[in-house]
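Modeller: Shall we read through this model together?

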Amino acid sequence: MDVLHLLGNYAYLALAAGILLEGETALLIAGIAASQGYLGLPTVMLVAAAAGFFGDQCCFAAGRRFGPGLLARNASLQSKALRVETLLQRHHVPVILSLRFLYGLRTAALLAIGASRISWPRFMLLNLISVIAWAGTIGGAAYVFGRALEPLVGHVGEYGAWIGVGGLLALSLWLAWGRRRQAPSVPGRDGGPPAC
């Protein structure tokens with residue numbers, strides 16, 4: 001099977017799924033793929049922003065509906081949410097605008113913001129600005145990095161694409177495994193909420 005053909009057919013769908021499940025890793029790989037001409041950078045940024053916005057809105061809704069209960073059942077999320085709540089009281093606009101860049105705090109932050117008194121329209125607007133800035137910054141940085149590496153390694157070709165797909169999968173699994181190891185297990189609960 002030609003991985004480049006497969007990437008062309010399913011890359012943007014895989015990018016959206018990757019953004020919903022993990023975030024930065026999928027966007028970095030897509031930005032590098034765009035630098036090699038396999039994907040279009042504007043489309044990568046648009047898909048990443050849309051998927052990030054959708055995921056954040058879902059987590060905000062979960063926080064609005066189930067936030068206190070979810071946080072009470074997960075000690076790791078609860079301690080992170082307390083830090084975010086302290087920041088929200090004085091600086092909710094910068095917190096929401098930097099939300100996408102808060103790796104490791106994003107889920108707790110979204111649940112805390114959803115459980116707060118911040119209105120839906122206000123969060124939607126600030127979150128939209130945040131995801132656009134995030135997709136442009138991370139996607140653009142990955143694109144520039146990929147272009148800078150091109151003189152050293154040339155176009156990656158099919159074998160390089162297979163290596164990249166394998167590397168992305170390995171890195172995503174490693175990050176997901178690391179997140180699960182950091183979260184303490186809570187009696188009576190099989191797992192925490194999905195990553196946002």
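**Reading the helices**

Biologist: Let's start with H2: which of its residues are buried?

Modeller: Buried is a matter of relative accessible area: under 20% is buried, over 50% is exposed, and partly exposed sits in between (1.4 Å probe, protein chains only). In H2 the buried residues are Glu24, Thr25, Ala26, Leu27, Ala30, Gly31, Ala33, Ala34 and Ser35. Nine of the 12 residues are buried, so H2 is largely enclosed by the rest of the structure.

Biologist: Before we go on, what sort of model is this, and how is it numbered?

Modeller: It's a predicted model: local features need pLDDT of at least 70 and side-chain atom pairs count only at pLDDT 80 or more, while totals for chains, interfaces and linings use all residues. Residues are numbered from 1 along each chain as its sequence is written, and side-chain values use heavy atoms, with hydrogens and water left out.

Biologist: Fine. How many helices and strands make up the protein?

Modeller: Both are DSSP runs, numbered from the N terminus: helices are H or I with at least four residues, strands are E with at least two. Here the count is seven helices and zero strands, and along the sequence the pattern reads α-α-α-α-α-α-α. Across the 196 residues of the protein, 38% are buried.

Biologist: How do I read the length of H2?

Modeller: Set its reach against the expected span, which is 1.5 Å times one less than the number of residues. H2 has 12 residues and reaches 17 Å from first C-alpha to last, close to the expected 16 Å. Just after H2 comes glycine 37, with a positive phi of about 90°.

Biologist: At what angle do H2 and H3 cross?

Modeller: Axes are lines fitted to C-alpha atoms, for helices over the stretch in contact, and angles run from 0 to 180 degrees between N-to-C directions. For H2 (residues 24–35) and H3 (residues 41–72), the axes come within 9 Å and cross at roughly 165°. That makes H2 roughly antiparallel to H3 (under 35 degrees is roughly parallel, over 145 roughly antiparallel, 65 to 115 roughly perpendicular, and the rest oblique).

Biologist: And which residues make that contact?

Modeller: Contact means heavy atoms within 4.5 Å. From H2 come Leu27, Ala30, Gly31 and Ala34, and they meet Leu41, Val44 and Ala48 of H3. Sorted by class, the contact of H2 with H3 has six nonpolar, one polar and no charged residues. (Nonpolar covers Ala, Val, Leu, Ile, Met, Phe, Trp, Tyr, Cys and Pro; charged covers Asp, Glu, Lys and Arg; the others, Gly among them, are polar.)

Biologist: Now H5: how many of its residues are buried?

Modeller: Nine of the 10 residues of H5 (residues 106–115), so this helix is largely enclosed by the rest of the structure too. They are Arg106, Thr107, Ala108, Ala109, Leu110, Leu111, Ala112, Ile113 and Gly114.

Biologist: How does H3 pack against H5?

Modeller: Their axes are 6 Å apart, at an angle of about 80°. That makes H3 roughly perpendicular to H5. On the H3 side you'll find Asp56, Cys59, Phe60, Ala62, Gly63, Arg64, Gly67, Pro68, Leu70 and Leu71, which meet Arg106, Leu110, Leu111, Ile113, Gly114 and Ala115 in H5. By class, the contact of H3 with H5 has 10 nonpolar, three polar and three charged residues.

Biologist: And at what angle do H4 and H5 cross?

Modeller: Roughly 65°, with the axes of H4 and H5 coming within 8 Å. H4 and H5 are therefore roughly perpendicular to each other. H4 brings Leu77, Lys80, Ala81, Val84, Glu85, Leu88 and Ile96 to the contact, and H5 brings Thr107, Ala108, Ala109, Leu111, Ala112 and Ile113. They divide into 10 nonpolar, one polar and two charged residues.

Biologist: Is glutamate 85 buried or partly exposed?

Modeller: Glutamate 85, in helix H4, counts as partly exposed at 30% relative accessibility. Proline 94, in H4 (residues 75–97), is partly exposed with a relative accessible area of 46%. The C-alpha atoms of proline 94 and leucine 126 are separated by 9.1 Å, though these residues are 32 apart along the chain.

Biologist: Last one: what does asparagine 127 touch?

Modeller: Asparagine 127 sits in H6 (residues 120–153) and counts as buried at 0% relative accessibility. Leaving aside residues up to four places away in sequence, asparagine 127 touches Phe53, Asp56, Gln57, Ile96 and Leu99. For the whole protein, residues 24 or more positions apart account for 85% of the contacts with a separation of 6 or more.
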